[in-house]
Amino acid sequence: MTPRVRLTVLVVGLVVLAALPLAGFSIPGLFEGALGGPGTLNLLALCFVFGALALTYDLVFGYVGLLSFGHALYFATGVYVTAIAVTRWHWSLPAALLLTAVVSLVLPLILGAVCLRMRDIPFAMVTLAFAQAGSILVAQNPFGLTGGEEGLALGGDTLPSFLIGVTNTRNLFWIALALLIVIYLVAWRAVNSPPGRVWQAIRENERRVAMLGLNPYLYKLGAFVLSAFLASACGVVYLLLQGGANPEVTTSGFTLALLVMVVLGGVGTLWGAVLGGVVYEYLDFRLVALSNTSAVQALPGILRVPLSEPLFLLGVLFIVLVLFVPGGLGGALRRRLVLTGATKGV
Amino acid sequence: MTTIALLLITGLGLGALYFLIAAGLSLIWGLMRVLNFAHGAFFTVAAYAGWSASGLVGGASPELQWLVAVAVAVVVGGAFATLTEVVLIRPLYARHVGQVLVTVGLALATISLVQGGFGSDPKRLALPAWMTGTTTIVGANIPNTRLLVIAFALAVFALLIFFLRRTRFGLIVRAGVENRAMVQALGIDVQRAFTLVFAIGGMAAGLAGILAGTYYGTIDPGRGTSMLIFAFIVVIIGGLGSVTGSAVAAIVVGVLQQFLNFYGAAGVGDFSVVLLLAIVLLVRPGGFSGAST
């Protein structure tokens with residue numbers, strides 16, 4: 001495909017997506033209920049948020065080669081800081097967002113400065129430890145702020161009315177779509193900028209970058225903070241979509257899910273990561289529905305139990321992909337496109 | 001004084017559990033450079049296997065039931081780990097990140113399977129009567145399970161040190177931690193040592209799984225993952241690849257956690273452990289034992 005054709009397809013696709021809330025028909029099997037109904041829109045919006053989140057994770061993992069196990073912490077920062085400011089302190093939404101923005105710049109700056117003293121696997125373990133500290137903090141419910149294990153429902157009198165209620169799901173859907181597009185553009189711009197090229201050079205050979213007179217530490221810190229900040233933005237939209245904060249987003253399991261998304265879609269490509277995030281969230285949601293169907297429930301226990309656990313199926317899929325399809329779904333798709341393109345002589 | 005003795009010994013018990021998990025992790029990392037996320041899965045699967053086995057011999061005396069549970073947990077932990085190394089890790093020797101990812105996938109899949117099969121509610125482990133009692137040490141009533149766990153960890157520590165210092169395979173493992181390429185260049189099959197450290201690590205993790213069940217009285221699917229994170233911290237503080245370092249760090253972390261959780265608010269101890277990690281990293285990036293990575 002020439003760049004112009006690709007751009008046209010992209011724009012048409014986005015317009016169709018943006019017009020989706022107006023659609024009245026349904027696609028049985030893929031989605032329950034009408035395509036423009038609140039349930040489907042909410043699921044799709046969640047898919048967009050996770051696509052964007054996977055993209056932010058791919059920035060550090062795929063482009064700089066930093067295997068961070070603490071990305072959930074920054075997503076959770078977006079979720080919890082906004083939720084606390086709006087619900088507990090009754091701040092207006094813009095003020096809450098400003099506070100969230102400041103926190104989600106300062107926190108990764110400090111933690112990243114410490115974590116990046118280590119490399120490779122020790123780095124992974126340290127980020128994991130900090131994320132765990134965040135998870136403990138949220139679970140302990142300090143000063144009654146986070147709501148502990150019960151989570152924190154987004155409430156308060158300051159939220160604009162167009163963000164609340166089932167009938168306004170379409171607004172949230174558009175916000176999520178806009179988030180995905182903006183983050184994609186920022187990430188695309190970042191990885192194609194001069195610092196972005198240094199990131200990829202660090203991934204390939206960090207010592208060589210240092211030999212060239214550049215300071216890898218500062219570049220890595222820059223990527224870390226950018227990725228964390230964008231992840232917090234995803235957290236804010238997630239909070240609005242879910243109408244509350246739940247402690248699950250702070251756990252190490254959540255970061256591992258992000259890792260699965262990125263590897264599922266293809267490490268080191270932007271659209272691959274988005275694809276992985278969207279597919280993962282969709283499967284996670286739909287596999288629960290699958291396990292409740294009568295066909296699965298009628299199976300003997302030895303088959304029914306594994307099929308009822310979405311994480312089991314996703315974990316196995318993940319192992320198979322790592323072992324046999326190193327490029328992920330995105331890589332496989334691209335190879336297929338290249339292959340068919342070659343045989344057609346295009 | 002009694003409180004301090006109680007906290008100290010409880011903290012040592014917790015440290016003993018951390019050590020059992022961390023020792024295997026540290027050896028595996030030292031020799032193979034694999035961050036083994038599946039260690040929590042070995043822990044959990046072995047604990048449930050032990051619990052099921054102790055249920056199967058339900059008619060026997062509680063002592064025998066408990067011994068069966070321990071034996072089965074150790075064997076299952078070792079077998080599961082060996083299988084993991086041979087089937088999943090071996091094809092990926094050239095891809096370090098791939099190895100980590102595979103263990104992540106295995107951990108997710110296994111733990112959700114256990115949760116699906118046994119439910120997420122805690123299961124009570126049958127214990128002999130004397131274990132639920134207490135022993136008075138300097139005036140404090142110490143639960144016997146704490147002492148038992150510490151004794152097991154000491155025995156495992158002694159065995160590991162004997163294995164590493166006095167046997168031929170131990171020599172290969174130590175040499176491999178120092179310089180793997182050189183060991184291979186001398187014509188020694190390091191792959192067998194890889195399988196061996198996985199088997200040892202899995203057995204220790206399996207033992208930790210059933211001992212954690214003894215320590216807390218119950219087993220549940222989530223405990224392996226949460227203990228694994230503290231074991232990671234222990235491994236880093238102790239210096240990656242060092243069993244003695246892990247032992248020292250496990251004691252420090254376990255005791256610190258107990259004291260601060262008691263004297264501070266709940267959760268302060270867990271939090272300070274992470275803080276301790278940050279401080280150690282800032283002062284000595286290689287951990288206590290100083291081996292730079």
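Contact here means heavy atoms within 4.5 Å. The model is predicted. By this contact rule, A:Ser227 touches A:Thr56, A:Leu59, A:Val60 and A:His71, leaving aside residues up to four places away in sequence. A:Ser227 itself lies in helix 9 of chain A, which covers residues 216-242. Its relative accessibility is 1%. Buried means under 20% relative accessible area, so A:Ser227 counts as buried.

The interface of chain A and chain B was examined next. On the chain A side, 36 residues are in contact with 40 residues of chain B. The area buried between the two chains is about 3,400 Å². Carbon and sulfur atoms give 85% of that area. Four elements of chain A each give two or more residues to the side that touches chain B. These are helix 5 (120-140), helix 10 (252-265), helix 13 (301-307) and helix 14 (310-324). Helix 5 of chain A gives the most, with 13 residues. Sorted by class, the side of chain A that touches chain B has 30 nonpolar residues. Four polar and two charged residues are also found there.

Polar links across the interface were then counted. The rule finds two residue pairs in polar contact between chain A and chain B, both at pLDDT 80 or more. For salt bridges across the interface of chain A and chain B, the count is zero.

Methods:
Residues numbered from 1 in each chain as written. Chains lettered and ligands numbered in written order. Predicted model: local features only at pLDDT ≥ 70, side-chain atom pairs only at ≥ 80, totals over all residues. Heavy atoms only, no water. Buried area = accessible area lost by both parts, 1.4 Å probe. Salt bridge = Lys/Arg side-chain N within 4 Å of Asp/Glu carboxyl O. Polar contact = N/O pair within 3.5 Å; in protein donor to acceptor, adjacent residues only side chain to side chain. Nonpolar A, V, L, I, M, F, W, Y, C, P; charged D, E, K, R; others polar. Buried < 20%, exposed > 50% of the residue type's maximum accessible area, 1.4 Å probe, protein only.
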